[in-house]
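Dear colleague,

Please find the structure below, together with a short account of what was found in it.

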Amino acid sequence: MAPSHIAIFIPLIVGLAATVATITIHGVVVHAIIMSLRRDLKRGLVGVRTWMNLTFIVAAILLALGGHLAEIVLWGFVLDATGAVADVGAAIYSSAGSYTTSGSDIVLPPEWKLLGPFEAVVGMLMFGVSTAFIFAVVNRLIHARYEDADTFLL
């Protein structure tokens, strides 16, 4: 294998590993919300009262946010472990910029530049999953609240 192939192969493997870990974290968060929603619907805690539904939605959003923050920290540790940044603080800052696609003023060294776009793609996907999932939770709560009505207005 030529050195240029090795130079791209290692960041690719590191990026794929971090992506799998990110998806796993997100999966755990989504699973936790699903199980809580299912349990609370069965117990009648949500789906009937507006304030309980609102509380559940806020909790689900905060849990999703916590998952995103954990994923940013994970990528920050990856950047720090590879030596692509000066310290952990800079790594998390750079990671937050990539994950949210807003960017940061930290420039990764050439051998690790691939990690930035990798993280940006997975960040966009995870925000999309979170948005779709929160919509699904809200939709399920609306249907539980108005299951006997043919139509409903918000």
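Is Pro-117 buried, partly exposed or exposed? At 47% relative accessibility, Pro-117 counts as partly exposed, because buried means under 20% relative accessible area, exposed over 50%, and partly exposed in between (1.4 Å probe, protein chains only).

This is a predicted model, in which local features need pLDDT of at least 70 and side-chain atom pairs count only at pLDDT 80 or more, while totals for chains, interfaces and linings use all residues. Residues are numbered from 1 along each chain as its sequence is written, and side-chain values use heavy atoms, with hydrogens and water left out.

Pro-117 belongs to helix H4 (residues 115-145); helices are DSSP runs (H or I, at least four residues), numbered from the N terminus.

Helix H2 (residues 50-82) packs against helix H3 (residues 88-99) at an angle of about 125°, and their axes are 8 Å apart. The axes are lines fitted to C-alpha atoms, for helices over the stretch in contact, and angles run from 0 to 180 degrees between N-to-C directions. H2 and H3 are therefore oblique to each other (under 35 degrees is roughly parallel, over 145 roughly antiparallel, 65 to 115 roughly perpendicular and the rest oblique).

Thr-101 lies in the loop between H3 and H4. Although Thr-101 is not a glycine, its phi is positive, at about 60°. Most residues other than glycine have a negative phi. Thr-101 is partly exposed, with a relative accessible area of 45%.

Notes
Helices (H or I, at least four residues) and strands (E, at least two) are DSSP runs, numbered from the N terminus.
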